[in-house]
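Here are a few exercises to work through with the model open in your viewer. Try each one yourself before reading the solution.

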Amino acid sequence: MTAKQIINTIIKSIVALSLILITSCSKSDDLAAEYTESPHGKISIAHLKTLAIKDSKVITEDISIEGYVVANDLFGEYYKSIVVCDESGGIEISVDTHSTAKTFPIAAKVTIHCTSLTLGNFAGRIILGAKANDDYTVGRIAESDFARHFAIDLLAAQAIEPTKITISEISPNIIGNYIEINDVAFTNSNGMKWCDTDPATGEFLTSERELSDSKGNTISVRTIAQCIYASEILPSGIGKVRGIVEKYNSRYSLRIVNRQFDFNE
């Protein structure tokens, strides 16, 4: 092979690789373009979330999603709601039961029949639930309707691994997803507890604590009052956390799930 032929071969390889990369980026940046206007049958969670085109959207299509439970009330971190994930992402589901850990165990495979349910859009945070009421854009699915909307398969249980990302990589399409952030620390914790208390009643309050990385990026960690470790002191040192990305007051936040945090105190 001559030098000219070698150069031509290299150029062709570079062009081919560039086309592959361009195609890959286009797909990841505009997934919605792949979805049909009239979904039917089993669809991905990411596809389902694109249907939340307004604050409260009743699902009229005959569709379902399938995934695995990654968050419930086992440690009190979620109240009357669960989070289900598939390969495309995750979504919070509002359910009217006092023991989601018993009904929807971690790792359980769940098929959700979505017809007649409602998608609530809270500034990009999508929640699946029942018909909206006067106070909220989505209601809780009644326990009497579980058999109609949920098929739970414990024999096909599968533990889902979170997506490892950095704080700076969190974006709108990550909301609702199960993630892991490494090499972070609680900022100015100074012996603070996970949750504050009401001075008048002494009861715990849903609270936010700041988590930061070595580059100065920060994200709020939101812990609800019902969390069983609300009274514990925040861990010190450098570590990692696993949780669900949320959005409150136009800011990203993280809800730790299954007490998954590990720090070198």
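Predicted model: local features only at pLDDT ≥ 70, side-chain atom pairs only at ≥ 80, totals over all residues.

**Exercise 1.** Work out why the pair Phe146 and Phe150 counts as edge-to-face, then decide whether each residue is buried or exposed.

*Solution.* A quick search first: the whole structure holds eight aromatic pairs. For Phe146 and Phe150, the ring centres are 5.4 Å apart and the planes stand at 90°, so this pair is edge-to-face. The cut-offs used here are centres within 6.5 Å for a pair and planes over 60 degrees apart for edge-to-face.

Next comes burial, where the limit is under 20% relative accessible area. Phe146 has 9% relative accessibility, so it counts as buried. Phe150 comes out at 8%, so it is buried as well.

**Exercise 2.** Take strand β7 and find which strands it pairs with, in what sense, and over how many bridges.

*Solution.* Step one is to locate the strand: β7 covers residues 118-122, and four of its five residues are buried.

Step two is the partner β2, residues 56-58, which pairs with β7 in the antiparallel sense over three bridges.

Step three is β8, residues 125-129, which runs antiparallel to β7 and is joined to it by five bridges. Here Phe122 has Arg125 as its bridge partner in β8.

Step four is the connection. β7 and β8 make a hairpin with two residues between them, and Ala123 in the turn has a positive phi of about 55°.

**Exercise 3.** Zoom out: how many helices and strands does the protein chain have, and what percentage of its residues is buried?

*Solution.* Counting gives four helices and 18 strands. Of the 265 residues in the chain, 42% are buried. For the surface, the chain exposes about 14,400 Å², with carbon and sulfur atoms supplying 52% of that area. Finally, among contacts with a separation of 6 or more, 63% are between residues 24 or more positions apart.

Terms used:
Residues numbered from 1 in each chain as written. Heavy atoms only, no water. Buried < 20%, exposed > 50% of the residue type's maximum accessible area, 1.4 Å probe, protein only. Contact = heavy atoms within 4.5 Å. Areas by Shrake-Rupley, 256 points an atom, 1.4 Å probe, with all protein chains shown as cover. Phe/Tyr/Trp six-rings, centres within 6.5 Å; stacked < 30°, edge-to-face > 60°. Pairing = 2+ DSSP bridges.
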